[in-house]
Amino acid sequence: METYRHVSGRYWEGSVLDFTQAQLHESNAFLNKHAVQIKGTDVGLYIHYWGGELVLYDNVLHKHSFYEVCYIEDGEGVYSENGKEYPLHKGVLFVSRPHIRHRIQSEKGLHIIFVAFELLESESSAFAIKRFQSFAKTDRFHITDAAASPAIQLWKSLLTLVLQRPAFVKDTIEALSIALLTSLENEFNISQGIPPAYLNQQVVRASTTICHRAKLYILDNLSQPLRLQNVADYLHISPRHLSRLFTEELGMTFTNFVRKERVAQAATLLSAGRLSIKKIAEDTGFDTVHYFSSVFKAEMGVTPGEFNKKLNYS
């Protein structure tokens, strides 16, 4: 953002992003070092600069070859583009598109954050290239009330997170940066749709997710009582519904699934050879060694003792 004036150390009262100018500069300096060339699954981006000013009055009429997205955190002013003026006030999100002359002006100053970037076509999918070609021509470049948008929440979270100096920069800062910039693109380019590959994917049914959660609960709690009612209560569904899901999704009853998993875990523990049969029976949820032996033989064809002997002879 060229040719600006600011008042150092001042902050806007009531602003959601209550940073001092020094903190805002610190966050953006970190991003300018660690979030420059970033890549997602479909999109590769080069970020020319991250920035922000607590009190920006104006800049000269200019243009650039990349995108510059700006968000007004507070204050009032005017954004000029192609001879037209657009009001700036708290909550406005706008983008200066490539090769379009523009200018920002404000009498009392704007609290503004901004980021400038361009698409790396060699690092992006054909669909991403097509979207950014559309983005450069979008008519939706000035959004008057974006304060509650997911993109703005991501932006503020990113600036705040940076000050905490996260240990895993690539998994936090870079990942959040690509999420932010692609979310911003979507704010302005919302009518362009999503990749065909995603449209063709089958949506995971709610019943499949519930059944998966039930299986995880059972596997993590094999030593505990696992009655149908217990698991249904954990999932906040009826026992009848849970029973039906197991039959439909797994092709077996709830009871059979629990029994098979108990025996499978018992076989794993027997193979390790570190625990007694009595201890293994307890750890896999069987009330007695006799019952354990009976169920184990029904599933595996041999008793736990015989299973151990085979392991020792092999």
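In the predicted model, helices H7 and H8 pack at an angle of about 100°, with their axes 9 Å apart; axes are lines fitted to C-alpha atoms, for helices over the stretch in contact, and angles run from 0 to 180 degrees between N-to-C directions. Helix H7 is therefore roughly perpendicular to H8, the class that spans 65 to 115 degrees, with angles under 35 degrees counted as roughly parallel, over 145 as roughly antiparallel and the rest as oblique. Helices (H or I, at least four residues) and strands (E, at least two) are DSSP runs, numbered from the N terminus. Residues are numbered from 1 along each chain as its sequence is written. Because the model is predicted, local features need pLDDT of at least 70 and side-chain atom pairs count only at pLDDT 80 or more, whereas totals for chains, interfaces and linings use all residues, and side-chain values use heavy atoms, with hydrogens and water left out.

On the H7 side, the contact (heavy atoms within 4.5 Å) involves Leu228, Gln229, Val231, Ala232 and Leu235, which meet Pro239, Leu242 and Ser243 of H8. Six of the residues in this contact are nonpolar, two are polar and none is charged. In this division Ala, Val, Leu, Ile, Met, Phe, Trp, Tyr, Cys and Pro count as nonpolar, Asp, Glu, Lys and Arg as charged, and the others, Gly among them, as polar.

Within H7 (residues 228-235), the buried residues are Val231, Ala232 and Leu235, where buried means under 20% relative accessible area, exposed over 50% and partly exposed in between (1.4 Å probe, protein chains only). These residues lie on the same side of H7 because they cover an arc of only 100° around the axis, the arc being that of the directions from the helix axis to the C-beta atoms. In general, an α-helix has 3.6 residues a turn, so residues three or four places apart point the same way. The packing partners of the buried H7 residues are helix H6 (206-220), helix H8 (239-250) and helix H9 (254-272). Just after H7, histidine 236 adopts a positive phi of about 60°.

Across the protein chain there are 12 helices and eight strands. Of its 314 residues, 43% are buried. Among contacts with a separation of 6 or more, 72% join residues 24 or more positions apart.

The largest nonpolar core has 57 residues, of which Leu93, Phe117 and Trp155 touch the most other members; such a core is a set of buried Ala, Val, Leu, Ile, Met, Phe, Trp, Tyr and Cys residues joined through side-chain atoms within 4.5 Å. Elements giving two or more residues to this core include helix H1 (21-34), strand E2 (44-58), strand E7 (102-119) and helix H3 (150-163). Strand E7 supplies the largest share, nine residues. A second, separate core of 14 residues includes Leu222, Val231, Leu235 and Phe254.

Residues up to four places away in sequence being left out, Trp155 touches Trp50, Val69, Tyr71, Leu93, Ile113, Phe114, Val115, Leu180 and Leu184. Isoleucine 152 also lies in helix H3 and is buried, at 0% relative accessibility. With the same exclusion of residues up to four places away, isoleucine 152 touches Tyr71, Leu93, Ala146 and Ala147. The C-alpha atoms of isoleucine 152 and leucine 184 are 8.2 Å apart, although the two residues are separated by 32 residues along the chain.

Positive phi values also occur in loops. Asparagine 82, which is not a glycine, has a positive phi of about 50° and is placed in the loop between strand E4 (77-81) and strand E5 (84-88). With a relative accessible area of 59%, asparagine 82 is exposed. Arginine 165, likewise not a glycine, has a positive phi of about 50° and is found in the loop between H3 and H4. Its relative accessible area of 39% makes arginine 165 partly exposed.

Serine 294 belongs to helix H11 (residues 289-300) and is partly exposed, at 42% relative accessibility.
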